[in-house]
Amino acid sequence: MADAEKTKSSKASKAKAADAAGKKAAPEAGAEHRAAENPDVEDNTQVEREIDGKAAGKPEPKKKAAGKPEAKKEAVGKPETKKEATGKPEAKKEAPGKPETKKEAAGKPETKKEAAGKPESKKEATGKPESKKEAPGKPEAAKKAAPKPAAVKKAAAKSGGQKKPAVAEEPAQEPDFGANPDNYVNRELSWLEFNYRVLSEARDKTLPLFERLKFLSITASNLDEFYMVRVASLKDMVHAKYMKPDIAGMTPTRQLEAIAERTHQLVDLQYSTYNRSLLPVLRMNGLRVITEHEDLTEEEARYVDRYFNENVYPVLTPMAFDSSRPFPLIRNKTLNIAALLRKKNGEEDDELDFAMVQVPSVIPRIVELPEEKDEEGNPQRVVILLEEIIERNMPSLFLNYDIIASQPFRVMRNADLTIDEEEAVDLLEEIQKQLKKRQWGEAIRLEIQAGVDKRLLKILKKELSISSQDIFDIGGPLDLTFLMKMYGLRGFDHLKAPGYTPNPVPALMNEDDIFTNIRKGDILLHHPYQSFDPVVRFVRSAARDPEVLAIKQTLYRVSGNSPIVAALAEAADNGKQVSVLVELKARFDEENNINWAKKLEKAGCHVIYGLVGLKTHSKITLVVRMEEDGIRRYVHLGTGNYNDSTAKLYTDCGILTCSPQIGEDATAVFNMLSGYSEPLAWNRLSVAPLWLRARCLRMIRRETENALAGREAHIMAKMNSLCDKEIITALYEASHAGVKVELVIRGICCLRAGVPGLSENISVRSIVGNFLEHSRILYFYNDGSEELYMGSADWMPRNLDRRVEIMFPVEDEALKAKVIHILEVELADNVKAHILQPDGTYEKVDKRGKVLVNSQQQFCEEATAEAKAVFEAMDPAVTRIFKPIESSN
């Protein structure tokens with residue numbers, strides 16, 4: 001009987017898995033530390049399509065209808081609590097509606113009935129609290145603890161099939177983790193938590209002082225981009241009256257409220273860090289930053305005034321606002337100074353005039369004054385910000401007026417491009433038009449120095465049509481991104497982390513050409529610990545090799561003076577067949593990519609601008625070469641961009657291979673991108689948006705089935721972000737079955753980790769260090785037949801459903817061991833790792849009594865040691881052996 005029940009259960013489980021694998025997840029309502037790319041910020045393309053469809057009275061796409069139906073509770077869209085908005089435990093008084101009990105706060109089941117896994121009442125299913133004990137906003141861990149874990153099921157199977165009471169049989173019902181929005185974290189709030197982790201690096205007193213400045217600058221840059229894209233997109237939804245809740249049950253309006261609250265807290269902490277932690281220590285280390293022009297000495301004041309008259313005044317354009325002159329157009333992210341003026345000799349009750357002047361970006365914002373001596377007679381460098389110099393000299397701009405009040409301010413605008421790709425005749429031309437509009441989008445955030453005159457603020461608020469929750473009173477200099485320029489000041493190397501130079505790749509440290517080395521076996525590249533130069537050399541060698549017939553490549557983000565682009569142009573000049581897909585829709589790199597596309601076209605390359613409705617985010621290069629035994633295809637596949645600049649800052653992995661099966665797949669990829677070819681099957685690659693999601697779900701569910709069958713099951717995954725509901729639900733099911741799931745998620749994570757009954761077998765860590773963690777690696781134990789993959793995609797709806805992405809296997813056993821080593825070291829990191837807690841907060845590892853493991857530092861040391869070992873083995877001075885000639889007598 002037990003065997004029969006087990007067989008029946010297994011069949012039902014497989015049928016359920018097959019059914020789920022064939023479905024698309026319902027599109028999510030809310031849809032990369034940065035250098036050229038912030039991978040964590042993207043658009044809400046799918047949501048915008050839904051809005052447009054409704055506005056036009058069109059039915060929703062078929063794909064939408066095919067998705068999984070949402071639970072009633074989700075559809076009702078009950079408001080979240082403060083806990084969800086901030087990621088911290090909420091106080092009793094903050095629970096919306098009714099207070100929660102002590103019992104619930106501990107995550108314990110309310111009754112035996114709930115612990116046994118009985119279906120919730122109708123009232124609970126609609127998202128309404130049944131009693132005071134069931135205040136909304138708390139994880140339903142207790143309720144989901146109902147079904148017995150895999151270990152209990154195994155024990156039951158071995159018990160000889162003895163009959164048990166009817167009540168004991170009910171827990172066999174599998175929980176529906178996806179039905180409860182409390183099981184998920186809002187994407188935007190999770191991103192804000194990531195920025196808090198970056199800020200924690202700026203507050204870490206063990207780091208070199210200038211490194212702390214850099215991290216604080218990064219938090220400001222991240223926040224700007226977050227507002228221009230993510231917050232702007234949410235505001236668009238509100239304007240369109242789009243009220244569908246996200247996977248965490250939050251409507252766009254509720255998300256904006258929670259974001260505003262959490263962001264105000266973040267900004268306060270940023271400036272507390274700057275004013276109280278960094279400025280005093282900078283002065284102690286020989287750098288005095290003058291925060292207010294009133295603090296200038298007489299000698300400094302004379303220098304500043306002379307600098308203003310000679311260098312600044314000729315560039316400035318003061319602008320007035322009155323009945324004959326409209327309110328000035330204020331460009332996105334520009335720094336300005338607003339002033340209230342009264343005519344000289346005017347009366348106290350005369351109406352005040354408004355005027356402003358833009359702080360010119362063509363003049364360095366950090367102005368260094370002559371060196372001075374500190375109180376102890378030590379040399380001290382002095383700097384002041386340009387806006388302070390201008391504010392001091394405002395009277396010279398308005399000679400007939402008295403300056404009543406003046407304050408710097410800065411406006412952030414909606415920079416989310418709206419492009420109708422279906423209707424656009426020329427995509428390149430349409431994007432160029434939209435780029436011009438980016439400077440004048442809706443004002444979504446106003447920063448103004450604290451203590452602003454209320455009359456001045458009232459004018460700005462009215463003319464910019466901005467809400468109070470989007471106004472930030474700043475207790476310091478606006479736009480902390482200037483700290484990156486301060487980091488670049490010469491003479492402070494002792495206050496910075498030692499520089500690291502990427503090491504050569506051991507497999508290529510010989511006299512053979514790159515194609516010969518690839519034929520010896522697959523080559524693993526690990527950036528920035530190993531140099532990006534092999535990738536450049538791969539393309540450049542192909543451009544110059546007379547045996548190479550064709551080069552095909554996808555470009556998402558490239559550097560400003562890209563050697564890759566130069567090599568492709570050279571290849572076209574040399575008569576090669578060169579095809580390049582340049583993704584024009586790469587966020588904030590559109591203009592740069594347009595310029596490269598035009599250059600490549602002029603050089604004779606066949607340029608594809610991307611695919612309608614999709615972004616091509618995959619990183620792949622194919623070189624077709626004629627050899628003695630016929631055509632051979634060489635392929636580079638990577639997790640990061642073909643950008644030689646960010647390759648020194650981002651951690652990424654790549655493979656150089658001439659595997660015939662991967663080469664065949666690579667050809668199929670480019671045929672799909674350039675024409676209408678759609679492969680029926682793939683040899684080794686998994687490609688989004690049509691095949692990758694199902695493949696990932698199959699591998700997760702295979703581990704679940706192995707665990708349920710009593711076999712060892714283990715998943716390790718590393719990526720930038722995890723916010724896909726279907727993937728997260730599959731991971732919850734795997735955890736419930738007993739699968740050990742270890743995740744390294746640098747940025748957004750909408751999964752709740754370590755929650756009893758939900759995710760007790762899942763751990764999540766985020767590593768924030770000198771390098772931006774950017775590689776995507778997936779490991780599945782597969783009952784001992786380990787499988788390892790790398791790729792360009794995160795587990796996000798945009799990557800799995802709306803982008804062209806590639807996941808590729810690591811099959812060489814030696815390379816597989818190296819990549820598993822990368823995962824294991826990162827999972828052992830206790831210096832830079834932040835561990836996700838069940839309540840949604842992150843905490844650093846307690847290092848007391850432990851051997852310190854800094855994964856990034858360890859990889860630097862390992863790469864250096866490997867290269868050194870190869871170099872020494874090649875050095876004749878090391879390997880030479882003098883052997884005396886033996887006498888023949």
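User: In this predicted model, a helix is a DSSP run (H or I) of at least four residues, numbered from the N terminus. In which helix is Glu257 found?

Analyst: The element that holds Glu257 covers residues 252–284.

User: Does Glu257 count as buried, partly exposed or exposed, and at what relative accessibility?

Analyst: Buried means under 20% relative accessible area, and exposed means over 50%. The value for Glu257 lies in between, so this residue counts as partly exposed. Its relative accessibility is 39%.

User: How far apart in space are Glu257 and Asp470, C-alpha to C-alpha?

Analyst: Along the sequence, Glu257 and Asp470 are 213 residues apart. In space, their C-alpha to C-alpha distance is 9.8 Å.

User: With which side chain does the side chain of Lys832 make a polar contact?

Analyst: Lys832 is found in the loop between helix H28 (813–828) and strand E26 (833–836). Its relative accessible area is 8%, which means that Lys832 is buried. Beyond residues up to four places away in sequence, Lys832 touches several others, including Ser766, Gly769 and Asn854. The polar contact, at 2.8 Å, joins the side chain of Lys832 to that of Glu201.

User: Is Val744 buried or exposed, and what is its relative accessible area?

Analyst: Val744 lies in strand E20, which spans residues 740–745. Residues that Val744 touches, leaving aside those up to four places away in sequence, include Ala717, Met719, Ile767 and Leu827. Val744 is buried because its relative accessible area falls under 20%. The value is 3%.

User: What distance separates the C-alpha atoms of Val744 and Leu823?

Analyst: Val744 and Leu823 are 79 residues apart along the chain. The separation of their C-alpha atoms is 8.3 Å.

User: About how much accessible area do Leu549, Met626 and Ile631 have together?

Analyst: Ile631 is placed in strand E16, residues 630–638. With Leu549 and Met626, Ile631 forms a nonpolar patch on the surface. Together, their accessible area is about 260 Å².

Note on methods. Residues numbered from 1 in each chain as written. Predicted model: local features only at pLDDT ≥ 70, side-chain atom pairs only at ≥ 80, totals over all residues. Heavy atoms only, no water. Helix = DSSP H or I, 4+ residues; strand = E, 2+ residues; numbered from the N terminus. Buried < 20%, exposed > 50% of the residue type's maximum accessible area, 1.4 Å probe, protein only. Polar contact = N/O pair within 3.5 Å; in protein donor to acceptor, adjacent residues only side chain to side chain. Contact = heavy atoms within 4.5 Å. Patch = residues over 30% accessible without salt bridge, like charges linked within 9 Å, V, L, I, M, F, W, Y side chains within 5 Å. Areas by Shrake-Rupley, 256 points an atom, 1.4 Å probe, with all protein chains shown as cover. Salt bridge = Lys/Arg side-chain N within 4 Å of Asp/Glu carboxyl O.
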